[in-house]
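User: Please walk me through the aromatic ring contacts of this model, with the criteria behind each term.

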Amino acid sequence: TLKETYTTKINPLTALQGNYSLQVNRDLRKKYDMSKLAFGREVSRNQKADLKLTLRFLRWVDQNYTYQANYQENSDPRQRRATPVFDSVTGAPVSTLDVTTKYNMSANLSLKLSQILKTLGKSGTRKGRRGKSAAGDSTGNPFILRRLLYYAGGKIEPVRTTWRRNTDARSFNLTARPSLSYQLGIQDSLEVSKAASGLTQQDQNSRRTNLEFATGLRLPLGVSVKPSLKDDVTSRSGSTQDRLRLKEEEAFPRITINWGRADRLPLLKRLFNSAQVNFSFDRTKVSEGEGSLNPRDLLSKGVSRQTTVSWNSQWRHGPSMRISYTRNVGEDLDFELASPSDSLSVNDTPPLRGTSEDEKSKTSVEMKYNLRPRHLPLFGDLRSNVDLVFRVEVESDTRSSGIGEQEATPISETGRVKVELNGTYKFSDNFRGQGVIRVENNRNELTEKTRKLRELRMSGTLFFR
């Protein structure tokens, strides 16, 4: 086997750079003739090209654009799993190609809104200027609106926008190599004939487009608010059916609130060295359809909501503690596949096939403490280190299902209570171990049965040096 590798790199501008690489593998057992400059038969090639553009001509916005194209070609008959295709005229086997392509595009924009607001506004610092202007009073203070803009500029974070598009395709049994524009992702159509299409190897095409927005706001007392938005659309199709499946996932609103200085309150300051409160809410809507995402072409749609509240703290004279509560509620609707003969308008949904609902909640309390006893009555002086973790978890899960227009009824309702004490200890460099005490009850509310688990485990390791 002969491998040929070609690489090049271009950087015509400071903001623009590109890379290109091509690797060709040849089989020297066929078509090898030095006199005719024939160096074997090509059996595969791998081509990569990427381009990156970074723009900084505006100080209040950062722009970054990338493009990547990956083209892989396989024409080795030894790796072919499908039945060979023969020419109907000559009877000779037809040389075919299998092509795999991946194209990735992305754009990242960061709008520095704080710089814009500070430029439009002005701080309230007094200056010894005489007279009175339209932008301020006689003491040199700017107008209150400009002071508010300047103050807001110090609290708001940049607005970040990210757009991505990933395209993947696989094509089998091509009779010729696609054009260079297709290899680089400039053109979508192959424009190359196929020898045959088998049942085990079918062409595949998929495209995913992702759009995200995110920003943040810093408030007094260490409170930060970070809202975001996400929209994801995936489309896929195959050669066995002229159908296009679309799936859209939209996450809005998504908000995260963090209070990192909860220990500054007078009462909490005496009890904790540090305390932090987190809150997050996420609402996600998912729709899947055939051909389009219009109500008439929907196959399923669902909505889920997740709420999480947590408390993290470190006691002044004691362990660290974490308390969290999570609740997740989801509802999914499945529709019948609409046919062209159905008398449905664009805004009408197909008949309902079934519904499913799921509601989960979890509450957990975790405490960690580190002990370092240096002397024990039976063991004497020690170089010990004991880490204790006490954990309590309470979970509940209710699932409901319905057929057609019927109301969803519970099909599963379970609850779990778990209490666990986990410890790892090290009494010296030559002895270490672990111990676990666990009590767990799993309750099935529909059958009114409880599965109880009790565990006591201790282990130790002694090293002879």
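Aromatic contacts

Analyst: F272, W311 and W315 form one aromatic cluster. The model is predicted, so that local features need pLDDT of at least 70 and side-chain atom pairs count only at pLDDT 80 or more, while totals for chains, interfaces and linings use all residues. Residues are numbered from 1 along each chain as its sequence is written, and side-chain values use heavy atoms, with hydrogens and water left out.

User: How many aromatic pairs does the structure hold?

Analyst: Rings of Phe, Tyr and Trp (its six-membered ring) pair if their centres lie within 6.5 Å; planes under 30 degrees apart count as stacked, over 60 as edge-to-face and the rest as tilted. By this criterion, the number of aromatic pairs in the structure is three.

User: Are the rings of F272 and W315 stacked, edge-to-face or tilted?

Analyst: The ring centres of F272 and W315 are 4.6 Å apart. Their planes stand at 55 degrees, so the pair is tilted.

User: Is F272 buried or exposed?

Analyst: Buried means under 20% relative accessible area, exposed over 50%, and partly exposed in between (1.4 Å probe, protein chains only). With a relative accessibility of 5%, F272 counts as buried.

User: Which residue lies over the face of Y150?

Analyst: A charge sits over a ring if NZ of Lys or CZ of Arg is within 6 Å of the ring centre and within 35 degrees of the ring normal. At 5.9 Å from the ring centre of Y150, the residue lying over its face is K118.
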